[in-house]
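Work through the exercises below with the coordinates open. Each task is followed by a solution in steps.

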Amino acid sequence: MQLSPQRLLGFAFASADLLLEITAEGRIGFAIGASEALSGSAETALVGRAWRDFIDPRDRPMVEALLGGLNEGGRGGPVVVTLAGSAGASERGASFTAFRMPGNEGAISCAFSRAAAKVMHGLHDKSSFETATAALIETAKATGQELEMALVELGGLGALRKLLGPEASKDLDDRLAGALRAQSHGGGAAANLGSDRFALVRPKGDSVDALVQRLIQLVAIDPKHGVKPDARTMSLMGDASPGQILRALRYSLDNFIKDGMDGKPSTTLNEAVSRSVQRTLVEVGALGEAVNEKRFRLVYQPVVNLKANAALHHHEVLVRFGDNASPFPMIRMAEELDLIEALDIAVVEQTIAKLASDPQLKLAANISGRTITSPAFVQATKTMLAGTPEACGRLLFEITESAAIDDLALADRHLKALRSEGCMICLDDFGAGAASLAYLQQLTLDIVKIDGRYIRELQHGGRESNFIRQLVTMCSELGVKTLAEMVENANAEEAVRRAGVDFAQGWFYGAPADTPEQPTGAAVDTLAHVKPAARRMGSVEGWG
Ligand code: C2E
Ligand code: MG
Ligand code: MG
């Protein structure tokens, strides 16, 4: 059989829409195929141009690294790139493979085929990398592809950046991101995990030493700068469930971020799964003890009434385990392990005791969306209130959205029962989860607390102010008050006040403290304006 040029081209086009040859000088020497449809330029218009003009600037460092890393006979890709001159909705993507044929004067043969454009043009952060990697593992399970994760440590990179200054450091970081992406699956599976730590997912095969050498060479780090590269790979094959895989990835990356190679990264996914289970068991033990033995303390953060000169309205009660760190990871774990109800009951018990100790106080306790559907929780709260009637009318519950409420009708019956005891109900984290609107529609609420992320954005104008204004209007039509959290400065206060929000909370008025403090920041009119007679039970106005 004779291999005619037509036949060779036939083979090439079986998997590609466009073939390009890039000369040793970096120009397009040859182009054939569906160029117009793929890139918007005719083949003839491409020839003679620099390859860089063909690729979107955001993807150039990656393509540069991919081409620069090819030895004779070496193949790179496929990686997905965005083509130059396309932007926004009309962005054109192509999957691209490169091959450096021996004896071809350093020219590189490239094949492009149409692909959905990528939204990602840089490195992932830890959390998006976890999700992306978990998705790649699921796809690989279905296709039988063998993937591995490489953890890369470039010791001394931080010192080198200081030496280089900001501009040269940015170039270095761009080259590094390009080189990591070029080695990663599809060009989109590499992450920045801190100043000198990185991770990427790639097809199994090439040795990890070769990977490291290629990175150092591509990023052009001078050996005299003493950057010490080290890398380990973890096979991503295994039969763990998606949830176990995600936890194992999280465990492995946390471990690597904390201890680097000293943490002895797992070499297989299965090993990472069992190590993450071990860690969870240890933490569960510690959390279980903390809850059972009530080894936690409460801190108090003021909430002010914007419609009453920013005077104190009540305090939110926040739990602390040991140090002052955020309890959020523990809360999430407690929710996953069914320990949250016991914790919430214990917090409510201490909150009621605190109310009994100081008749001036009004307190809001956080209750997980999981706990609120528990009849035992409502019963326990009723019993505690019956034993401490002086706390009635001064207790508010914030229903958090860290766990989804699975039965809204049941939750609402419970909320009504708590309201009939004189408690007030606030929906926390409004806008943080997908279900917020359904909650607002179907739950009997006194206050909606707008998630802090909107408030922090609000100060810069933008669309959040519209969102908040609309929300305030909607809530007032429903007879529900609004509360803005994470108000950190006077600008934020001004913005939420203008949007018509009723209550505010945040560092501007005071951080969580061991004792309930008066608010700072604004002109404080304490409780003087609150007529005791006006303190009816069961209405927010009655609260002051
Ligand atoms: P959350 O209920 O939305 O609490 C507000 C969080 O924002 C608190 O974090 C608080 O310290 C923080 N914060 C307050 N003001 C500012 C500010 O101006 N700027 C910024 N950046 N942050 C501010 P914390 O204490 O770490 O609590 C995190 C989450 O943990 C809470 O969010 C709540 O969902 C949960 N949580 C805390 N205590 C309890 C509890 O006793 N039971 C339950 N179920 N969940 C709790
Ligand atoms: Mg809260
Ligand atoms: Mg919140």
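**Exercise 1. A salt bridge within a helix**

With which lysine does glutamate 130 form a salt bridge, and how far apart are the closest N and O atoms?

Solution. The model is a predicted one, in which local features need pLDDT of at least 70, side-chain atom pairs count only at pLDDT 80 or more, and totals for chains, interfaces and linings use all residues. Residues are numbered from 1 along each chain as its sequence is written, chains are lettered from A and ligands numbered from 1 in the order in which they are written, and side-chain values use heavy atoms, with hydrogens and water left out.

Step 1. The criterion for a salt bridge is a side-chain nitrogen of Lys or Arg within 4 Å of a carboxyl oxygen of Asp or Glu. The partner of glutamate 130 is lysine 126, with the closest N and O atoms 2.6 Å apart.

Step 2. Helices (H or I, at least four residues) and strands (E, at least two) are DSSP runs, numbered from the N terminus.

Step 3. Classify the burial: buried means under 20% relative accessible area, exposed over 50%, partly exposed in between (1.4 Å probe, protein chains only). Glutamate 130 counts as buried because its relative accessibility is 3%, while lysine 126, at 23%, is partly exposed.

**Exercise 2. Further salt bridges**

Which arginine meets the side chain of aspartate 446 in a salt bridge?

Solution. Step 1. Aspartate 446 is bridged to arginine 419, at 2.7 Å from N to O.

Step 1. This pair links distant parts of the chain, 27 residues apart: aspartate 446 is in the loop between helix H14 (436–442) and strand E15 (447–450), and arginine 419 is in helix H13 (residues 408–420).

Step 2. Aspartate 446 is buried, with a relative accessible area of 5%; arginine 419 is partly exposed at 27%.

Step 3. Elsewhere, salt bridges that share partners connect Lys126, Glu130, Arg250 and Asp254 in one network. The structure holds 32 salt bridges, including one between aspartate 173 and arginine 161 (3.0 Å, N to O). There aspartate 173 is partly exposed at 29%, and arginine 161 is buried at 18%.

**Exercise 3. Helix packing**

At what angle do helices H4 and H6 pack?

Solution. Step 1. Two packed helices are described by the angle between their axes and the distance between the axes. Axes are lines fitted to C-alpha atoms, for helices over the stretch in contact, and angles run from 0 to 180 degrees between N-to-C directions.

Step 1. For H4 (residues 60–68) and H6 (residues 157–182) the angle is about 65°, and the axes are 7 Å apart.

Step 2. Pro61, Met62, Ala65 and Leu66 of H4 make the contact with Asp174, Gly178, Ala179, Arg181 and Ala182 of H6. Contact means heavy atoms within 4.5 Å.

**Exercise 4. A loop residue**

Is serine 184 buried or exposed?

Solution. Step 1. Serine 184 sits in the loop between H6 and strand E7 (190–192). Its relative accessible area is 5%, so serine 184 is buried.

Step 1. Apart from neighbours within four places in sequence, serine 184 is in contact with Val79, Ala189, Ala190, Leu200 and Val201.

Which peptide bond is cis, with omega near 0°?

Solution. Step 1. The bond from glycine 77 to proline 78 is cis, and proline 78 lies in strand E3 (residues 75–82).

Step 1. Turn to positive phi. Glutamate 105 has a phi of about 55° although it is not a glycine. Glutamate 105 is in the loop between strand E4 (93–99) and strand E5 (108–115), and is exposed at 76% relative accessible area.

Step 2. Lysine 294, also not a glycine, has a positive phi of about 50°. Lysine 294 is in the loop between helix H9 (269–292) and strand E10 (297–305), and is partly exposed at 38%.

**Exercise 5. The whole chain**

How many helices and strands does the chain have?

Solution. Step 1. The secondary structure comes to 17 helices and 17 strands.

Step 1. The C-alpha trace spans about 100 × 50 × 45 Å along its principal axes. Of the 544 residues, 49% count as buried.
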